[in-house]
Amino acid sequence: MDTIISIRNFYEILRILIDILAIAFLIYQVYKILLNTKAMQLIKGTIIVGIIYAIAYFFKLETLLWLMNKLGTVFIIIIVIVFQPEIRSLFTRVGQSKFFKLSATSKSGEIDTVLNAAEILSTIRRGCLIVFVRHVGLKNIIESGTKLNADISSNLILTIFSKDTPLHDGALIINGSRIVAAGCVLPLSEQLDIKRSFGTRHRAAIGISETTDAVALIVSEEKSTISIAFDGILYYDLEKDELKKTLKKILSVKDDLEKSEEVEVEN
């Protein structure tokens, strides 16, 4: 009898531990999703309202409690309206986990090809906007442009962003080892603190990085700078080595030399 009770207690403790670990894992994943995004404002506002409610409840502030209870539904509606872009982005990012990754992965040589083209465009003062697809698909964005489904090459990128072509004003979309479309229209960022000196390309790059997990590479036509937009943040005017390192890190791309060294270690 004591053995049966002990087994039951063990399974009950195990169930509680699994429950706690599952909740902790979910909280951690949500925290990673919200970190460095504007959605953190929503969480901070909710926490502040919760603290005010707790204070009112603890000190029996009946008028404040009555007001908050009556306006609770209104507060929820206001939050949904004001933070609609952040809430939409939050649900979009839920599916961005690497466990649900469906997109192809770019190789080191292909990234170098794109960066070489970007450096040439920067030298001759021609702007460009290149978007790398990661976990979230960009079907609607791709359909707004001209589908190409071509191999990645510097000559093709230079041709697309030549001033004489009808595709140079839009964005070029790369998925894995393919240039899937060009001349695509991207959503502009809704941030209010963007520098006025930034043109449409920079705003569009930040905009696509706010609504998806894509990485945008921007070459400024006026200042010849090369920048990266990721997770709603613009990394402006990066040096060549820093640009290559940052882009490959975000896209989880390893150099062929690193891969060969890993294989030797495993063997």
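Q: Is Ser 122 buried or exposed, and what is its relative accessible area?
A: In this predicted model, Ser 122 is found in helix H6, residues 108-123. Buried means under 20% relative accessible area. Ser 122 falls under that cut-off and is therefore buried, with a relative accessible area of 10%.

Q: Which residues does Ser 122 touch, not counting residues up to four places away in sequence?
A: Ser 122 and Glu 222 are 100 residues apart in sequence, with a C-alpha to C-alpha distance of 9.4 Å. Leaving out residues up to four places away in sequence, the residues touched by Ser 122 are Val 219, Ser 224, Thr 225 and Ile 226.

Q: With which side chain does the side chain of Ser 189 make a polar contact?
A: Ser 189 is placed in the loop between strand S4 (178-184) and helix H9 (200-211). Residues up to four places away in sequence aside, Ser 189 touches Ile 194, Arg 203, Ile 206, Gly 207 and Glu 210. The polar contact, at 2.9 Å, is between the side chain of Ser 189 and that of Glu 210.

Q: Why is Ser 189 classed as buried, and what is its relative accessible area?
A: The cut-off for buried is under 20% relative accessible area. Ser 189 is classed as buried because its relative accessible area is 11%.

Q: How many of the 12 residues of H9 are buried?
A: Among the buried residues of H9 are Ile 206, Gly 207 and Glu 210, and these three are also touched by Ser 189. H9 is mostly covered, the count of buried residues being 9 of 12.

Q: How far apart are the end C-alpha atoms of H9?
A: H9 has 12 residues, and at 1.5 Å a residue the helix should span 16 Å.

Q: Which residue has its backbone nitrogen 3.2 Å from a polar atom of the side chain of Asp 213?
A: Asp 213 lies in the loop between H9 and strand S5 (215-219). Asp 213 is buried, with a relative accessible area of 3%. The backbone nitrogen at 3.2 Å from a polar atom of its side chain belongs to Val 136.

Q: What percentage of the residues in the protein is buried?
A: The secondary structure of the protein comes to 11 helices and 7 strands. Its accessible surface is about 16,900 Å², with 62% belonging to carbon and sulfur atoms. Of the 267 residues in the protein, the buried share is 37%.

Methods:
Residues numbered from 1 in each chain as written. Predicted model: local features only at pLDDT ≥ 70, side-chain atom pairs only at ≥ 80, totals over all residues. Heavy atoms only, no water. Helix = DSSP H or I, 4+ residues; strand = E, 2+ residues; numbered from the N terminus. Buried < 20%, exposed > 50% of the residue type's maximum accessible area, 1.4 Å probe, protein only. Contact = heavy atoms within 4.5 Å. Polar contact = N/O pair within 3.5 Å; in protein donor to acceptor, adjacent residues only side chain to side chain. Areas by Shrake-Rupley, 256 points an atom, 1.4 Å probe, with all protein chains shown as cover. Expected span 1.5 Å × (residues − 1).
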